[in-house]
Amino acid sequence: MTRHDPPLPVHDDTHPVRKASISRDDLLAAALALIGPHRSVSTLSLREVAREAGIAPNSFYRQFRDMDELTVALIDLAGRSLRTIIGQARLRAADSNRGVIRLSVETFMEQLRADDRLLHVLLREGTAGSDAFKQAVDRELLYFEDELKVDLVRLAAQDGATLHEPALAAKAITRLIFAMGGTAMDLPEEKDPELIEQMAQMIRMIITGARALSRHPARG
């Protein structure tokens, strides 16, 4: 009787071979691969992420308690990544003749159009996610505001000026940029030059107003 070997497994891209072990970073990468400008992390299921990562759903729990914890981890990662990128833009501005405001806004928009899904996480989860996600986004925005406040005070001092409530000015600028970024996601890329110019002008208005109020505090 002829012996027949068992057939080799057929690789199916829709059902990847399951991995023996997986890290937190692997699961975060799997979640990022599934989202985009028109889909937020909050719409993903645990099974979708597990399938994308190539693991059994139960293996997910070795790294995260649930999808909420994974989403908060993504928001934290997104905030750190964007702060690094914007910080590098500020350093480039210091070494060039280009204004820090304009270069920072251009860098933000470049990241938005570069299919930076981490940036999409920040822009979407602050409005579409659960209360826990919104709190995580707010925490990241506070980090941006703290760093921006230091920059605003430093730049004003270079011009021999001071700022009225620099923390509030930093908050106004940060919230403006993220609100405009959310709008830009739904607009064609051809609108970017106009949006960049508008954002840069509005930021200058906020800074000019904060400097003017420092010299002449508003009454009443």
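**View A. The lining of the largest cavity, with H6 as its main contributor.** H6 gives 6 residues to this lining, the largest share. This is a predicted model, in which local features need pLDDT of at least 70, side-chain atom pairs count only at pLDDT 80 or more, and totals for chains, interfaces and linings use all residues. Residues are numbered from 1 along each chain as its sequence is written, and side-chain values use heavy atoms, with hydrogens and water left out. Helices (H or I, at least four residues) are DSSP runs, numbered from the N terminus. A cavity is a set of points, on a 1 Å grid over the protein atoms alone, where a 1.4 Å probe fits but cannot get out; lining residues have an atom within 4 Å of a point.

The structure holds 1 cavity of 30 Å³ or more. Of the 20 lining residues, Ile86, Ser104, Leu148, Ile173 and Ile177 are the closest to the centre. Two or more residues each come from H3 (67–94), H4 (100–113), H6 (131–158), H7 (166–184) and H8 (192–215). The lining has 15 nonpolar, 2 polar and 3 charged residues. Here Ala, Val, Leu, Ile, Met, Phe, Trp, Tyr, Cys and Pro count as nonpolar, Asp, Glu, Lys and Arg as charged, and the others, Gly among them, as polar.

**View B. Helices H7 and H8 packed together.** Their axes come within 10 Å and cross at roughly 165°. Axes are lines fitted to C-alpha atoms over the stretch in contact, and angles run from 0 to 180 degrees between N-to-C directions. H7 is therefore roughly antiparallel to H8 (over 145 degrees; 65 to 115 counts as roughly perpendicular). Contact means heavy atoms within 4.5 Å. On the H7 side, the contact includes Ala169, Ile173 and Ile177. Among its partners in H8 are Leu195, Met199 and Ile206. By class, this contact has 14 nonpolar, 1 polar and no charged residues.

**View C. Helices H1 and H2 in contact.** H1 (residues 24–34) and H2 (residues 46–53) pack at an angle of about 110°, with axes 8 Å apart. H1 is thus roughly perpendicular to H2. Leu27, Ala30, Ala31, Ala33 and Leu34 of H1 touch Glu48, Val49, Glu52 and Ala53 of H2. The classes are 7 nonpolar, no polar and 2 charged.

Note on methods. On a 1 Å grid over the protein atoms alone, a cavity is a set of points where a 1.4 Å probe fits but cannot get out, and a pocket is an open set with protein on both sides within 12 Å along at least five of seven lines; lining residues have an atom within 4 Å of a point. Grid points are joined across faces, edges and corners, and a volume is the space filled by probe spheres set on the points. Angles under 35 degrees count as roughly parallel, over 145 as roughly antiparallel, 65 to 115 as roughly perpendicular and the rest as oblique.
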